[in-house]
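Here is a short briefing to read alongside the sequence and the 3D view. Have a look around first, then follow the points below.

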Amino acid sequence: MVKIMTGPNFPKLDLGFFPTPLIELKNLSKYLSGPRIFMKRDDMTGLAFGGNKTRKLEYLVGEALFGGYDTLITGGAEQSNHCRQTAAAAAVAGLECHLVLSGEPPDNLTGNLFLDMLCKAQIHWAGDFRKGESIPGIVKKLCFEGKKPYTIPYGGSNVTGVLGFVEAAKELSTQMSQKELSFDRIIFASSSGGTHAGLVAGAELYGLNAEITGVSIDKENLEEGSFVKLILDLANETALRLNISKVFSGNDIILKNGYTGDGYGVVGELEKEAISLLASLEGIFLDPVYTGRAMGGLIDMIRKNKISEKESVLFWHTGGTPALFSYAEEL
Ligand SMILES: *Cc1c(COP(=O)(O)O)cnc(C)c1O
């Protein structure tokens with residue numbers, strides 16, 4: 001039986017290796033004649049090639065086990081990192097896993113999709129339903145078959161998942177005092193909002209003074225400021241759950257737009273250069289969809305002097321590297 005830890009309040013299943021390393025990217029700083037740049041290596045969380053979803057899944061799967069659920073169901077894009085990590089977490093926890101992926105079955109299994117299959121996740125192809133519209137129907141069917149499915153939202157971004165990134169803020173603050181570092185800015189890829197909301201709430205709770213700066217990844221997220229509102233609501237809901245007295249406002253959610261290129265998952269020059277620089281200067285692999293885009297944004301801001309060389313910046317590597325293999329021809 002897997003061991004569920006119940007923290008002060010919330011059930012949790014250990015799935016990764018923490019703390020993840022905090023390193024300095026000296027070659028990149030030098031190349032850009034820019035600020036000191038550090039990196040938080042959540043590509044090294046250890047679960048199924050790592051990534052930020054490990055932190056959220058520790059609480060989500062903990063809650064599922066605690067509630068006596070026997071099946072996990074979630075959805076995403078064909079190359080979803082969240083789905084790959086969920087498939088692996090389900091394997092660890094001894095739960096059945098159903099993944100609802102957008103599009104049609106591709107000709108060859110590669111990257112994350114290949115790993116989903118190795119973990120024996122059951123894949124449901126959703127065609128044009130890209131937002132998980134078909135999940136309720138599958139849940140109904142599973143219940144009818146006598147199963148007890150636990151639905152994880154896209155990207156694992158609900159209050160339970162966000163707890164993982166509140167904890168990440170605590171982890172970082174401990175590392176910062178150990179290493180006597182401080183950061184003016186923490187920058188990362190933001191897409192379903194859980195990472196962002198957790199870092200905002202966690203920064204308040206643990207006294208991180210850095211500007212928590214998300215780089216928006218998905219064009220569709222930008223309509224009418226709806227994404228800022230989603231992150232804000234999630235941060236406030238999390239604050240309530242943790243008895244943080246502060247009420248966040250729109251000003252607390254810093255989101256950089258302008259780097260979404262031709263849309264979600266479409267690789268352009270921005271991502272290509274960032275991936276190539278990090279590999280050739282630091283021996284670190286970024287992913288084509290999230291971290292390549294966010295790092296491209298950071299590099300652009302440094303070149304345009306929107307981030308001064310006096311600053312000290314932390315880039316949060318949120319994982320995603322298995323997707324590189326399915327993009328090899330475009331890179
Ligand atoms: C999911 C994901 C993100 C975005 O995190 P959210 O919490 O969904 O905003 C960033 N990078 C990678 C590699 C991801 O898989």
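In this predicted model, the side chain of Ser192 has an N or O atom 2.5 Å from an oxygen atom of the ligand. Taken alone, the ligand exposes 380 Å², and the protein buries 98% of that area.

- Ser191 contributes through its backbone instead, with an N or O atom lying 2.7 Å from an oxygen atom of the ligand.

**The shell around the ligand**
- The ligand is surrounded by 16 residues, and the closest of these are Lys53, Lys56, Ser192, Thr195 and Thr318.
- By class, the shell holds twelve polar residues, two charged ones and two nonpolar ones.
- Three elements each supply at least two residues of this shell: helix H2 (53-66), strand E9 (185-190) and helix H7 (194-206).

**Two domains**
- Where they meet, 16 residues of domain 1 are in contact with 14 residues of domain 2.
- About 1200 Å² is buried between domain 1 and domain 2, and carbon and sulfur atoms give 61% of this area.

**Backbone details to check**
- As background for both cases, most peptide bonds are trans, and most residues other than glycine have a negative phi.
- The peptide bond from Phe18 to Pro19 is cis, with an omega near 5°.
- You can find Pro19 in the loop that runs between strand E2 (11-13) and strand E3 (22-24).
- Ala48 is a residue other than glycine with a positive phi, near 50°.
- To locate Ala48, look in the loop between strand E4 (36-41) and H2; helix H2 is one of the elements that supply at least two residues of the ligand shell.

Conventions:
Residues are numbered from 1 along each chain as its sequence is written. This is a predicted model: local features need pLDDT of at least 70, side-chain atom pairs count only at pLDDT 80 or more; totals for chains, interfaces and linings use all residues. Side-chain values use heavy atoms; hydrogens and water are left out. A residue is near a molecule or strand if one of its heavy atoms lies within 4 Å of it. A polar contact is a pair of N or O atoms within 3.5 Å; within protein, one must be able to donate a hydrogen and the other to accept it, and residues adjacent in sequence count only if both atoms are side-chain atoms. Accessible areas come from the Shrake-Rupley method with a 1.4 Å probe; for residues, only the protein chains shown count as cover. Helices (H or I, at least four residues) and strands (E, at least two) are DSSP runs, numbered from the N terminus. Ala, Val, Leu, Ile, Met, Phe, Trp, Tyr, Cys and Pro count as nonpolar, Asp, Glu, Lys and Arg as charged, and the others, Gly among them, as polar. Contact means heavy atoms within 4.5 Å. Buried area is the accessible area (1.4 Å probe) that two parts lose on being put together, summed over both.
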